[in-house]
Amino acid sequence: MTTAAPVRIAFDHVSVEFASARGTMRVVDDVTYDIRDGEFVSIIGPSGCGKTTMMNIVAGFVQPTSGSVLLDGAPIKGPGPDRGVMFQEYGVFPWLSVRDNIAFGLKLAANRTPEAARDEIVNRYMRLMGLADFADAWPKTLSGGMRQRLALARAYAVRPQFLLMDEPFGALDAQTRSAMQDLLLEVLAAEGKTVMLITHSVEEAIYLSSRIIVMSARPTRVREIIDVPFPYPRQEALHETREFNELRSHVRELVMLEYAAQARQTTPAAPRAADDIGRIRRGKPPGGAS
Amino acid sequence: MLRIALIAAPWLLVVALWWLVSISGLVNPGLVPTPPQVGLKFWQLLTAGSLPVDIAMSTGRVFAGVALGIALAVPVGFVLGWYRNIRGFIDPLLNFFRALPPIALIPLVIVYFGIGEPAKIIILFYASFFAGVIVMYEGIAQISPLYVRVARTLGATDSELFRKVIVPLTVPHMLTALRVALGVAWATLVASELIAAQRGLGALIQNASAFFQLDVIYVGIICIGVIALAMDFAIRALARRFVAWQDRIA
Ligand SMILES: Nc1ncnc2c1ncn2[C@@H]1O[C@H](COP(=O)(O)OP(=O)(O)O)[C@@H](O)[C@H]1O
Ligand SMILES: [Mg+2]
């Protein structure tokens with residue numbers, strides 16, 4: 001990643017407040033960072049600190065209370081197909097078959113695609129994501145990992161320039177998770193995109209990203225921005241290197257401090273955060289299957 | 001085979017109990033006709049009597065009342081379910097009207113609508129609408145906003161969102177509302193035919209009660225139950241076909 005790449009997403013002194021029972025609650029507090037073209041940026045921080053809120057600003061669902069978020073230099077006016085979003089809950093359409101889920105975006109006026117080209121795109125992503133045998137299946141018959149791949153295929157099919165992913169692998173078992181990470185890197189290598197990924201897993205953040213932004217407890221601020229120096233393409237064996245482990249120790253330390261700070265806040269999110277700390281101590285992804 | 005036996009068993013049990021009671025001597029045999037007596041009466045009324053006309057009249061009234069009730073319940077229920085803030089205000093009003101027994105409204109309906117066919121259909125419409133609208137809005141209110149967000153991020157316009165996301169998510173609730181409304185309408189039929197009906201299953205029952213023809217009353221009641229059950233089955237088959245994607249089919 002050369003620093004010469006143009007800035008695509010610019011957070012400039014962004015704060016977000018929500019109305020709550022006890023007045024307003026500040027969730028995002030004076031956050032400034034840039035995401036450059038082709039970067040893979042991971043956001044890591046305690047549960048309930050405001051990560052999804054930041055992503056929702058970029059996705060076009062939330063407006064900052066103050067400050068600005070610019071997309072290619074322009075303010076964000078609502079959601080759009082240039083930004084593919086993978087929601088934490090996947091949001092696979094249950095009334096459409098696997099094939100029709102992937103084709104959904106391609107049939108919209110915004111991305112109108114001739115039928116032949118559409119079929120080709122749909123078939124390609126079904127093959128790539130290992131869903132070809134389930135083309136006509138209802139989502140209710142799919143496993144969690146398959147739904148996740150389906151959501152990814154659906155987001156990819158409309159060729160977004162940005163990919164916004166909210167804890168996409170959190171609910172998967174370790175093997176599926178690792179396979180999905182490699183698949184993601186593979187797909188990204190083929191069609192470069194600018195990626196913003198929210199995760200609780202330090203390993204995942206290091207393995208996938210070119211930069212990691214560690215966020216503090218709520219109201220969330222940028223705690224530290226860490227460059228990940230490993231070149232792409234990356235292989236599983238990277239996990240075993242000394243450099244990887246040193247970086248992991250450093251990031252884990254930072255993250256643990258923030259998880260502990262969040263856990264001390266007497267909020268409904270606290271039990272979850274305390275649980276996360278335990279998981280991180282044991283070297284496991286928080287919130288995920290153990 | 002076992003399945004059929006299991007389905008038939010409770011029915012046979014009920015008929016057997018009925019038969020036992022009627023021949024046991026515990027009750028005056030004149031008060032409880034036996035199943036064969038009722039079966040015979042059914043056959044007589046069907047072939048030589050007015051039963052086909054009664055069934056047709058009642059079914060027609062139920063269809064008309066339910067069709068009108070659901071036609072209004074779907075849009076109203078949709079709006080109430082979708083705009084949650086309106087619902088808080090309208091909810092008590094709906095529950096107030098739903099709680100009123102249709103039979104209590106008959107005098108008013110006669111005053112305002114006379115004693116013709118419209119008056120009977122209005123009673124059925126009333127019952128179907130309030131049953132259907134509540135099922136509709138509870139169902140719509142449960143639709144996850146997540147699907148709307150996903151469609152937006154893929155570039156859906158307002159009209160695409162409505163046609164391609166909201167309509168498919170609404171269909172299962174429409175079918176459930178239809179089922180509930182039909183059930184309620186059949187249950188209200190006899191009351192609606194209290195309004196000077198000459199023909200119809202409710203009228204059949206009332207006329208028979210005036211002459212103490214218990215076997216005819218039994219025939220009328222069983223016909224209502226069987227037709228209502230058959231319609232429920234038909235809608236469930238429809239649901240299995242059209243909303244097969246659902247996790248759990250009603
Ligand atoms: N639309 C909203 N209205 C009010 N509060 C919200 C809203 N969205 C999020 N919050 C609150 O903001 C905080 C941060 O939420 P979120 O961004 O989802 O955290 P994270 O993704 O880091 O776990 C939470 O306490 C959450 O309850
Ligand atoms: Mg979140």
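The model is a predicted one. Chain B contains 10 helices and zero strands, and an automatic or database assignment divides chain B into two domains. Chain A contributes an open sheet of four strands, and chain A also holds two cis peptide bonds, one from A:Arg218 to A:Pro219 and one joining A:Tyr232 and A:Pro233.

**Overall form of chain B**

- From the N terminus on, the elements of chain B follow the pattern α-α-α-α-α-α-α-α-α-α.
- The C-alpha trace of chain B extends about 70 × 55 × 30 Å along its principal axes.
- Domain 1 of chain B covers residues 1–32, and domain 2 of chain B covers residues 34–242.

**Contact between the two domains of chain B**

- The centres of domain 1 and domain 2 of chain B, taken over C-alpha atoms, are 30 Å apart.
- Nine residues of domain 1 of chain B meet nine residues of domain 2 of chain B.
- Together the two domains of chain B bury about 710 Å², and carbon and sulfur atoms account for 81% of that area.
- On the side of domain 1 of chain B, the residues that lose the most area to domain 2 are B:Trp18, B:Trp19 and B:Leu31, which together make up 63% of what that side buries.
- The residues of domain 1 of chain B that touch domain 2 comprise seven nonpolar, two polar and no charged residues.

**Interface of chain B with chain A**

- At this interface, 19 residues of chain B contact 27 residues of chain A.
- About 2,000 Å² is buried between chain B and chain A, with 71% of it on carbon and sulfur atoms.
- Of the area that chain B buries against chain A, 34% comes from B:Thr153, B:Leu154 and B:Trp245, more than from any other three residues.
- Two helices of chain B, H7 (145–153) and H8 (158–192), each provide at least two residues of the side that touches chain A.
- Helix H7 of chain B gives the most to that side, with seven residues.
- The side of chain B that touches chain A consists of 11 nonpolar, three polar and five charged residues.

**The four-stranded sheet of chain A**

- The four strands of the open sheet in chain A are arranged in the order S2-S1-S4-S5, with antiparallel pairing.
- Strand S2 (23–36) and strand S5 (74–75) of chain A are the edge strands, each pairing on one side only.
- Strand S1 (residues 7–20) of chain A pairs with S2(A) in the antiparallel sense over 10 bridges, and the two strands form a hairpin with two residues between them.
- Within the pairing with S2(A), A:Ile9 has A:Ile35 as its bridge partner, A:Phe11 stands opposite A:Tyr33, and A:Glu17 stands opposite A:Arg26.
- S1(A) is also joined to strand S4 (residues 66–71) of chain A by five bridges, again in the antiparallel sense.
- A:Phe11 has a bridge partner in S4(A) as well, namely A:Val69.

**Backbone features in loops of chain A**

- Most residues other than glycine have a negative phi, and most peptide bonds are trans.
- The peptide bond from A:Arg218 to A:Pro219 is cis, with omega near -10°; A:Pro219 lies in the loop between strand S9 (211–215) and strand S10 (222–227) of chain A.
- The peptide bond joining A:Tyr232 and A:Pro233 is cis, with omega about -5°; A:Pro233 belongs to the loop between S10 and helix H7 (242–264) of chain A.
- A:Glu167 is not a glycine, yet has a positive phi of about 40°; A:Glu167 is located in the loop between strand S7 (162–166) and helix H5 (174–190) of chain A.

Notes
Residues numbered from 1 in each chain as written. Chains lettered and ligands numbered in written order. Predicted model: local features only at pLDDT ≥ 70, side-chain atom pairs only at ≥ 80, totals over all residues. Heavy atoms only, no water. Contact = heavy atoms within 4.5 Å. Buried area = accessible area lost by both parts, 1.4 Å probe. Nonpolar A, V, L, I, M, F, W, Y, C, P; charged D, E, K, R; others polar. Pairing = 2+ DSSP bridges.
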